[in-house]
Amino acid sequence: MGAYDESYRRSLADPDGFWLDAASAISWTRPPTKVLDDSAAPLYGWFPDGELNTSYNALDRHVEAGNGDRTALIHDSPVTGTSRSYTYAELRDEVAVFAGALRSLGVGKGDRVIVYLPMVPEAVITMLACARLGAIHSVVFGGFAPKELAARIDDATPKVIVAASCGIEPTRVVEYKPIIDAALDLATQRPEKTIVLQREIAPAKLGERDLDWETAISGAAPADPVPVAATDPLYVLYTSGTTGKPKGVVRDNGGHAVALAWSMKAVYDIGPGDVWWTASDVGWVVGHSYIVYAPLLVGATTVLYEGKPVGTPDAGAFWRMISAHHVRALFTAPTALRAIKKVDPDAEELAKYDLTGFSTLFLAGERLDPETYHWAHDKLGVPVVDHWWQTETGWPIAANPRGLEPLPVKPGSATVPLPGWDVHILDGDGTRQPAGDEGSIAIKLPLPPGALPTLWGDDQRYIDNYLSRYDGYYLTGDSGYIDADGYIFVMGRTDDVINVAGHRLSTGSMEAVLAAHPAVAECAVIGVHDALKGQLPRGLVVLKAGADISPEVLQEELVAAVRRDIGPVAAFREVSVVDALPKTRSGKILRKTMRGIADGRDEPVPSTIEDPAVLESLRAILRHSD
Ligand code: COA
Ligand code: AMP
C-alpha cells in the first residue's frame with residue numbers, strides 16, 4: 001500500500017489517532033486530550049479541550065525556536081513599484097503592536113473586526129493581530145460594492161473596521177473610503193472606529209470616527225497572544241450562496257491550524273524556509289489559508305503580490321516574481337494562466353527569467369480545463385497540480401498529495417480525496433453511484449478539522465443549506481464523478497453559484513438587482529462559458545407591460561445597477577430583453593437548460609416545459625455571444 005492509501009484509510013478508520021498525530025505539529029497552551037466532539041451532531045467540533053493561539057503558532061514560536069531572522073513575508077507590488085520583506089521577528093513585532101492598537105480600541109476575544117484592505121502587508125498584520133487577541137476577523141474583498149460590504153457589516157457586527165484609503169487596479173485607483181462611508185450609511189450596525197491605512201497615491205479624508213493607521217500604532221503597547229479554545233472562531237469569511245444574503249463561513253482556531261499545517265507538507269510539499277507564493281487575494285479563502293496562515297504556520301516564506309498576471313506591467317509578471325523571489329511553488333487560479341496565455345501564447349516572456357528551483361504549479365478555484373493544463377505543463381516543464389476545494393472546506397478536498405506521495409496526473413481530474421474527506425457521488429435519492437457515473441458530490445460527516453463548523457450566528461442555516469439534502473452528508477453543491485481508480489472529476493455546480501475568474505458569485509443576487517428595476521417584470525441570470533474567465537453572467541429580462549424604455553437604456557441601467565449593488569467583480573455586462581422566460585409547468589425558470597444552450601450543448605428540452613415555443617424563440621439569443 002502506498003503512503004497515500006495508508007494515510008487515507010487510517011484517516012477514516014481512526015480519525016482520532018490520525019488527527020491527534022497531526023495536532024503535534026501545533027504548539028498548544030493546553031494540548032487536546034479529546035479529538036472529535038460529536039455531542040451536538042450533525043454539528044461537530046475538533047479538539048474540544050485544546051487551547052492555543054493561532055498568531056503565536058504562525059509567528060512567535062518560530063522566533064522562539066531561533067528562526068526570527070528567517071523571511072516570513074515578501075510583499076511585491078508592481079502597482080506601486082515597491083517591494084519589502086519582513087523577517088519572522090519583524091512581522092511578530094508589527095503584529096503585536098497592531099494588536100495592542102486594536103486592544104486599546106476595546107477589541108478583545110470574540111469581538112469582530114472587518115478588514116477591507118488590498119494586498120498590502122497590513123492586511124496580513126491585521127488578520128494575525130486579530131488572531132493574537134482572539135478577535136474574529138472578516139476580510140471583505142475590495143471588488144465588492146458598498147451594499148455587499150454593508151450586508152457583511154450587519155451580519156458580523158464589527159467593533160472596528162480596518163481599511164486602506166485605496167486599492168490599486170491596473171487601470172484605476174479604487175478609493176475605499178467613499179465605499180466604506182456608503183456602506184456605513186446603508187448598514188444598521190455601526191462599528192466604533194475605522195482605522196485607515198493612508199496610501200500615498202490617494203490618501204483619504206478622515207472623519208470623526210476614523211483613525212489613521214500610524215496614529216493607531218503610535219505608542220501602542222505590544223499585545224501578547226491570548227489563548228483561545230480550539231473551537232473558538234478565528235475568522236468569518238462571507239461567500240456567495242444561491243440567495244442574495246452571503247453566508248458567513250466560520251473557521252475555528254484548532255482544527256484550522258492542524259489541518260493547514262498538515263496540508264502544507266502533505267499536499268504542497270512546503271516546509272520551513274521554502275518560498276511559497278499564492279497569487280490570489282486575502283479577500284478569498286485561498287488567500288486566508290495559503291497566503292497567510294498555512295505558510296506561516298510551517299515556517300515558510302510567503303509572497304504577497306499586489307498585481308495581476310497581465311498588465312502589471314506585462315505577461316511576464318508571474319515569471320519575474322518566481323525568479324526574483326526564488327519561489328519554489330506557486331498556487332493560482334487557471335484563469336490567471338489563461339490571461340497570460342491570451343497575451344503571450346508562446347510564453348516568450350519565460351525566456352527572460354531564470355526559473356531554476358521552481359518545482360510545482362498548483363491550480364484551484366475553478367475547473368482546470370485540459371487545454372490550460374497542457375499549456376502550463378508544456379511551457380513550464382513542472383508538475384501542474386489541479387486541486388478542488390471551497391470556502392467552506394478551508395483546505396483541499398481532493399488533490400495530488402505531492403508531499404505524501406506524488407500520484408500520476410489525469411488532466412481534468414483534481415486527483416484523489418485527501419485524508420479526512422469521505423467523498424461520495426450520490427444520485428437524487430441519495431444512492432451512491434458506481435465508478436464513472438456523474439452525480440452530486442457529497443461528503444460523509446463528520447468533515448475533517450479545518451472545515452466549517454457552522455455559519456456565523458446561524459446553525460440552522462448551515463444545517464438547511466448543507467446537511468439536510470442527504471442525511472449524514474455535507475452537500476458540496478458540485479457535481480462530478482469518481483473513476484475506477486478513485487480519481488475525482490469535478491464538473492460544475494448544481495446550484496446557481498457561478499465562478500467568474502475564480503471568483504464565486506451568486507446569480508440569485510444579480511437577479512435580485514435586475515428585478516428591482518421598475519421596468520423589469522421577471523428575469524434570470526445564468527453563467528455562460530467564457531474562454532478567459534471560465535464563466536460570465538448573462539441576464540435575460542422580460543419587460544413589464546407598458547414599460548417605456550429602450551432596450552439599450554435598460555441594458556445600461558441594469559449593468560450599472562449590478563456594478564453599484566454587487567461590485568465590479570461581478571463582471572456583469574450582457575443582458576438581453578426577451579418576450580418570455582422558459583419555465584416548467586410549475587413555474588420554475590429553466591436556467592440549466594438555457595445555460596446548456598448558451599454553452600453550445602445539445603440540451604434536451606425537459607418534458608415538464610410549459611411552452612416549448614418560448615425556449616425555441618430564445619435559442620438564437622442564447623447562442624449569440626459578444
Ligand atoms: N478592488 C477593486 N476592484 C477590483 C478588485 C479589487 N481588489 N479586483 C478586481 N476588481 C475590479 C477590476 O478592476 C475590474 O473592474 P472593471 O470592470 O472596471 O475593469 C473588475 O473588478 C473585474 O475584475 P477581474 O475579475 O479581476 O477581471 P479583469 O479583467 O480585471 O482581470 C484576470 C482578469 C484573469 C487577470 C483576473 O481576474 C485575475 O488575475 N484573476 C486571478 C484569479 C484569482 O485571483 N482568483 C481568486 C481565487 S483563487
Ligand atoms: P470558492 O468557495 O470561492 O473557493 O469556490 C468553490 C467552488 O469553486 C467549488 O464549489 C467549485 O465549484 C469550484 N472549484 C474550486 N476548485 C475547483 C477545481 N479544482 N475544479 C473544479 N471546480 C473547482
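Tutor: Begin with Arg493: one of its polar side-chain atoms sits 2.7 Å from an oxygen atom of ligand 2. That is a polar contact, a pair of N or O atoms within 3.5 Å; within protein, one must be able to donate a hydrogen and the other to accept it, and residues adjacent in sequence count only if both atoms are side-chain atoms.
Student: What kind of model is this, and how are things numbered?
Tutor: This is a predicted model: local features need pLDDT of at least 70, side-chain atom pairs count only at pLDDT 80 or more, and totals for chains, interfaces and linings use all residues. Residues are numbered from 1 along each chain as its sequence is written, chains are lettered from A and ligands numbered from 1 in the order in which they are written, and side-chain values use heavy atoms, with hydrogens and water left out.
Student: How much of ligand 2 does the protein cover?
Tutor: 92% of the 490 Å² of accessible area that ligand 2 has on its own. Such areas come from the Shrake-Rupley method with a 1.4 Å probe; for residues, only the protein chains shown count as cover.
Student: How many residues surround ligand 2?
Tutor: 15, with His387, Thr391, Asp478, Arg493 and Arg504 the closest. Being near takes a heavy atom within 4 Å.
Student: And ligand 1, which residues come nearest?
Tutor: Glu169, Arg172, Lys533, Arg563 and Arg573, out of 23 around ligand 1. A side-chain N or O atom of Lys533 is 2.9 Å from an oxygen atom of ligand 1.
Student: New topic. How many aromatic pairs are there?
Tutor: The count is 31. Rings of Phe, Tyr and Trp (its six-membered ring) pair if their centres lie within 6.5 Å; planes under 30 degrees apart count as stacked, over 60 as edge-to-face and the rest as tilted.
Student: Why do Tyr235 and Tyr293 count as stacked?
Tutor: Their ring centres are 6.4 Å apart and their planes are at 10°, so the pair is stacked.
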